[in-house]
Amino acid sequence: MKIAVCVSHVPDTAAKISIGGDGKCIDPAGVTFVVNPYDEYAIEEALKTKEKLGGETVAISLGGDSHKETLRKALAMGIDNAVLLKDNSYRDSLSVAKALAEEIKTQGAELVFFGKQSVDFDNSVVGQMTSELLGYNCVSVVVSFALDGSKVTCEREIEGGKEVVETSLPAVITTQKGLNEPRYASLKGIMAAKKKEIAEKQPAPANNFVEVIAMKRPAAKQAGKIVGTDSSAVPELVRLLREEAKVI
Amino acid sequence: MTKFLVFIEQRNGQIKKSSFEAAKTASGLASKLGGSVEAVAVGSEISNLESLGGFGVDKVTHLKNETVTNYSPSAYTQAVVKFVSENGFDSILLAASSMGKDLAPRVAAKLDAGLAVDCVALNVEGSNIIATRPVYAGKALVDVKVTSSVKVFALRPNVFSAGTPTDAKAEVAVTIIDSPNLNVKVVEVKKSEGKLDVSEADAIVAGGRGMKGPEHFGMIEELAKLLGAATGASRAVVDSGWRPHSEQVGQTGKVVSPTLYIAVGISGAIQHIAGMRSSKYIVAINKDKDAPIFQIADYGIAGDVFEVLPKFIDEIKKVKS
């Protein structure tokens, strides 16, 4: 079985974000880019599935040359092959999904893992869109995954609980924190990944339906008052919450 | 003339509050742009669909099938896409809930439509709807314009007002779904018993590393219970295994905007603040007076959590009794 993992390359969650000169995207200067945190669970689940059932794994990323770092990390963790769909231009989610669906079809992957969202644009939609374009089944925000023959059983996180979802291959699964513990790349894996070829392909040009007009900073929040430094301040705090904020 | 469609989310036959917010928002846009508002719901039995009239919906269509009791991504997508294709709508609004975020991209992909998800504002400029949505977990916002002929907007729950409903009743039509596609099907819903979820709560009491160990979270839970609040946690304590991931607030957890957020023993790492800064009132209790959390807190006590929190619980008990 061929298993694909779609990965993105995003600013570290500890990064400070400032708006770039064009007022439409971030200024990347001084920002460390990493493997999208949710994609690490996707990579891990692909590796675990291969270890159990055999097959071949491929990581796919759409973006500029810098995305090779993230693909290298996937290879170092144990993914067999990597493909970069090279495109530096802005793409909306559907346009990304169309390019990925095309490549997944070429690869002939029956099982595809995505992180549940990229922590840059935070859309949380590309996996579901890709599945519809491919005609694959899809379960999103998955915290447990089991494959038995072609039967897929997952739990997905919802407000205040979980849904148990049943479906079958071919399928797209989007992964949530809690699904597994992503492994660290071994030194051997890192060395082997350096020697591996990352295939580069040109995706079809973007046809965007969602246009970014402006990026802006959220309204600054004024620091409020420090009511005190020990429990003697508690009655005053409670009074403020009742009378000023009127929240309790 | 813009034809709006609101997708109504129901669980166990009850309409979710965030769907009323979407309905009211659609009717506000329709009155500015000129247009009509219809709604659609999928499921077996659904109560009170006519009440959507009070939020500005003219007509609700219930796409009905006895076998579709729980959410089924495949059956819902098929039914909604068919309904939109046959009736022709310009803009589709729904809540960006767990269900909405799963369904919206499927419907958008099938209709070849642009999608703006997790919108926190929808404004009319000329004949366009400009959607504002947070990116980088709220460290920045983008204004986007959707240019496809059918447009889909998923609204962040708890942000848009549902207003006070009028007595108007919507016309309810029932259409039977012939053969639902149940390729992907929810077979069971496991509820976390008696626990409020941070993403739906109006108040949250969250604990961080300053709580010093999982055994001390009883105090967080007690305060939360007194306030009718959900319990939240910082990434540090979730990664240490003190609390479940479902409670994590921040960039790799949940982004929340309750009326009241009480941060106890949380210093305020950038990824945590990104997830809760839009809360209406923020209270911080932390012994380090220079902790970044105080930069965004409305009220703070820069003191020892283990001395302040028990007193806080006592005072709230007094107030509540």
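Is B:A116 buried or exposed, and how many other C-beta atoms lie within 10 Å? B:A116 is buried, with 29 other C-beta atoms within 10 Å; a residue counts as buried if 20 or more other C-beta atoms lie within 10 Å of its own, as exposed if 12 or fewer, and as partly exposed in between, with C-beta atoms placed from the backbone. The model is predicted: local features need pLDDT of at least 70 and side-chain atom pairs count only at pLDDT 80 or more, whereas totals for chains, interfaces and linings use all residues. Residues are numbered from 1 along each chain as its sequence is written, and chains are lettered from A and ligands numbered from 1 in the order in which they are written.

View 1. Two residues are in contact if their C-beta atoms, placed from the backbone, lie within 7 Å. B:N181 is 65 residues from B:A116 along the chain, and their C-alpha atoms are separated by 26 Å.

**View 2. The contact between chains A and B.** Here 71 residues of chain A are in contact with 79 residues of chain B. On the side of chain A, the elements that give two or more residues include α3 (93-107), α4 (126-134), β7 (137-148) and α6 (234-244). This side of chain A divides into 38 nonpolar, 15 polar and 18 charged residues. In this classification Ala, Val, Leu, Ile, Met, Phe, Trp, Tyr, Cys and Pro count as nonpolar, Asp, Glu, Lys and Arg as charged, and the others, Gly among them, as polar. Strand β13 of chain A pairs in the parallel sense with strand β18 (residues 299-301) of chain B over 3 bridges, where pairing requires that DSSP find at least two bridges between the strands. B:Y299 in β18(B) is the bridge partner of A:K225.

**View 3. Strand β4 of chain A and the strands that pair with it.** In strand β4 (residues 56-63) of chain A, 7 of the 8 residues are buried, so the strand is largely enclosed by the rest of the structure. Strand β1 (residues 2-6) of chain A pairs with β4(A) in the parallel sense over 5 bridges, and A:A4 stands opposite A:V58. Strand β5 (residues 81-86) of chain A also pairs with β4(A) in the parallel sense, over 6 bridges. In that pairing, A:L85 is the bridge partner of A:L62.

**View 4. Helix α2 of chain A.** Helix α2(A) spans residues 67-77 and is largely enclosed by the rest of the structure, because 9 of its 11 residues are buried. Among them are A:H67, A:R72, A:K73 and A:M77. A:G78 follows the helix, with a positive phi near 130 degrees.

**View 5. Helix α4 of chain B.** The buried residues of helix α4 (residues 217-227) of chain B are B:F217, B:I220, B:L223, B:A224 and B:L227. Seen down the axis of α4(B), these residues fall within an arc of 120 degrees, so they line one face of the helix; the arc is that of the directions from the helix axis to the C-beta atoms. An α-helix has 3.6 residues a turn, so residues three or four places apart point the same way. The cover over the buried residues of α4(B) includes β14 (203-207), β15 (230-233), β16 (260-264) and α8 (305-320) of chain B. Just after α4(B), B:G228 takes a positive phi of about 65 degrees.

**View 6. Backbone features of A:P170, A:S124 and A:K246.** Most residues other than glycine have a negative phi, and most peptide bonds are trans. A:L169 and A:P170 are joined by a cis peptide bond with omega of about -5 degrees, and A:P170 lies in the loop between β9 and β10 (171-175) of chain A. A:S124 has a positive phi near 65 degrees; its place is in the loop between β6 (111-115) and α4 of chain A. A:S124 counts as buried, with 25 C-beta neighbours inside 10 Å. A:K246 has a positive phi near 55 degrees and is placed in the segment after α6 of chain A. With 10 C-beta neighbours inside 10 Å, A:K246 counts as exposed.

Terms used
Helices (H or I, at least four residues) and strands (E, at least two) are DSSP runs, numbered from the N terminus.
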